[in-house]
Amino acid sequence: MAPQPLTPEETEQALAGLPHWTTDGDSVSRSYSLPGHLPAAAMAMHIAALQEELDHHSELTLGYNALSVTVNTHSAGGRITELDIALARRIEEIAPGHGAS
């Protein structure tokens with residue numbers, strides 16, 4: 001069974017516990033500042049490992065000292081599901097270890 005899209009209210013409620021994460025209605029996203037390019041690349045690789053573990057993948061945009069993450073669930077018509085929120089929570093858990101803010 002495919003994951004069910006969250007309602008806008010459910011999405012907003014979930015994001016209340018995820019500071020700096022935003023939604024455009026179809027995805028959730030956040031940008032991180034990091035101390036340099038290697039920490040940003042290391043965080044991108046760490047997120048890639050989390051995505052493999054969860055079998056749920058996001059769009060990552062790597063900059064010199066920045067990393068942006070955007071995620072939605074393709075199997076739910078490109079909408080936001082609990083899978084996206086779970087990935088965002090996991091990313092938030094690892095971010096401090098990379099010096100991300």
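Which residue forms a salt bridge with Arg90, and how far apart are the closest N and O atoms? The legend of view C gives the pair. The model is predicted; local features need pLDDT of at least 70, side-chain atom pairs count only at pLDDT 80 or more, and totals for chains, interfaces and linings use all residues. Residues are numbered from 1 along each chain as its sequence is written, and side-chain values use heavy atoms, with hydrogens and water left out.

View A. Helices (H or I, at least four residues) and strands (E, at least two) are DSSP runs, numbered from the N terminus.

**View B. Contact of helix 2 (residues 37–54) with helix 3.** The two axes come within 10 Å and cross at roughly 145 degrees; axes are lines fitted to C-alpha atoms, for helices over the stretch in contact, and angles run from 0 to 180 degrees between N-to-C directions. Helix 2 contributes Met43, His46, Ile47, Leu50, Gln51, Glu53 and Leu54 to the contact, and helix 3 contributes Leu87, Arg90, Ile91 and Ile94 (contact means heavy atoms within 4.5 Å).

**View C. Salt bridge of Glu53 with Arg90.** The closest N and O atoms of Glu53 and Arg90 are 3.0 Å apart; a salt bridge is a side-chain nitrogen of Lys or Arg within 4 Å of a carboxyl oxygen of Asp or Glu. Glu53 in helix 2 and Arg90 in helix 3 are 37 residues apart, and the pair links distant parts of the chain. Glu53 is exposed, with a relative accessible area of 53%, whereas Arg90 is partly exposed at 24%.

**View D. Salt bridge of Glu92 with Arg30.** The side chains meet at 2.7 Å, N to O. Glu92 lies in helix 3 and Arg30 in strand 2, so the pair ties together parts that are 62 residues apart in sequence. Arg30 has 8% relative accessibility and counts as buried.

Technical notes
Buried < 20%, exposed > 50% of the residue type's maximum accessible area, 1.4 Å probe, protein only.
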